[in-house]
Amino acid sequence: QLSCLVKMVTLHGIPKDLDSYPKDLLLFLSSSDYAATGSCRQYFANIGKANLDVLQRESSQRKQLLLEALACLKIPGTQVNEENAEILGRLVCDLGGEYIRSSGGNLLKQLNQCESFLPDQEEAIRSVISSGNTTFGPLVAWSAFTLNELSGLIPVFDHSILQKIPK
């Protein structure tokens, strides 16, 4: 339906008020189409707010979106800073474990919104959290507030993490 709606909306060219349309609609528009109305950074900031699960997790379309986003944001390696993590939004859910490890705690806030993780991602999340080198600090200093902030990641925590968090 969204794919069909994009065809209708763009029938007479790309509308200038594209940012006012539902974010999910942009998933079916290419970044080059959007470029006429704004920057690729703005496009991916909007995509990051969309419901990516409209596209299948391992689909070529979703993989392509992530590759284009990384190119647009000029992320050369696997380290993503906090500002770029904010722009990527839900796209971080598709980043591999190497990105999660290299970026330290920069991705935790966005990863918290993901519906599910691949084993490689889960392992990387556990590794980053166990290191204590995040804005949340070492596990022994965590509070109920911290757990609330990271509630979407709790299913990934293993026994070694859980036993270090104060009751």
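Start with the aromatic rings: there are 2 aromatic pairs to visit in this predicted model.

Select Tyr 43 and Phe 44 first. Their ring centres sit 4.8 Å apart with the planes at 75 degrees, so this pair is edge-to-face. Tyr 43 is buried at 0% relative accessible area, and Phe 44 is buried with 0% as well.

Next, pick Trp 142 and Phe 157. This aromatic pair is tilted, with 5.9 Å from centre to centre and 50 degrees between the planes. Trp 142 is in the loop between helix H9 (119–131) and helix H10 (144–149), while Phe 157 is in the loop between H10 and helix H11 (159–162), so the pair ties together parts 15 residues apart in sequence. Trp 142 is buried at 4% relative accessibility, and Phe 157 is buried at 7%.

Now switch to the cysteines, where you'll find 2 disulfides. Show Cys 40 and Cys 72: their sulfur atoms are 2.0 Å apart. The S-S torsion is about 90 degrees, so this disulfide is right-handed. It links Cys 40 in helix H4 (residues 40–47) to Cys 72 in helix H5 (residues 60–72), 32 residues apart. Cys 40 is partly exposed at 31%, whereas Cys 72 is buried at 10%.

Last stop: Cys 93 and Cys 114, a disulfide with its sulfur atoms 2.0 Å apart. With -95 degrees about the S-S bond, the link of Cys 93 and Cys 114 is left-handed. Both Cys 93 and Cys 114 are buried. Counting bonded cysteines along the chain, the disulfide pattern reads 1-2, 3-4.

Definitions and conventions. Residues are numbered from 1 along each chain as its sequence is written. This is a predicted model: local features need pLDDT of at least 70, side-chain atom pairs count only at pLDDT 80 or more; totals for chains, interfaces and linings use all residues. Side-chain values use heavy atoms; hydrogens and water are left out. Rings of Phe, Tyr and Trp (its six-membered ring) pair if their centres lie within 6.5 Å; planes under 30 degrees apart count as stacked, over 60 as edge-to-face and the rest as tilted. Buried means under 20% relative accessible area, exposed over 50%, partly exposed in between (1.4 Å probe, protein chains only). Helices (H or I, at least four residues) and strands (E, at least two) are DSSP runs, numbered from the N terminus. A disulfide is a pair of cysteine sulfur atoms within 2.5 Å.
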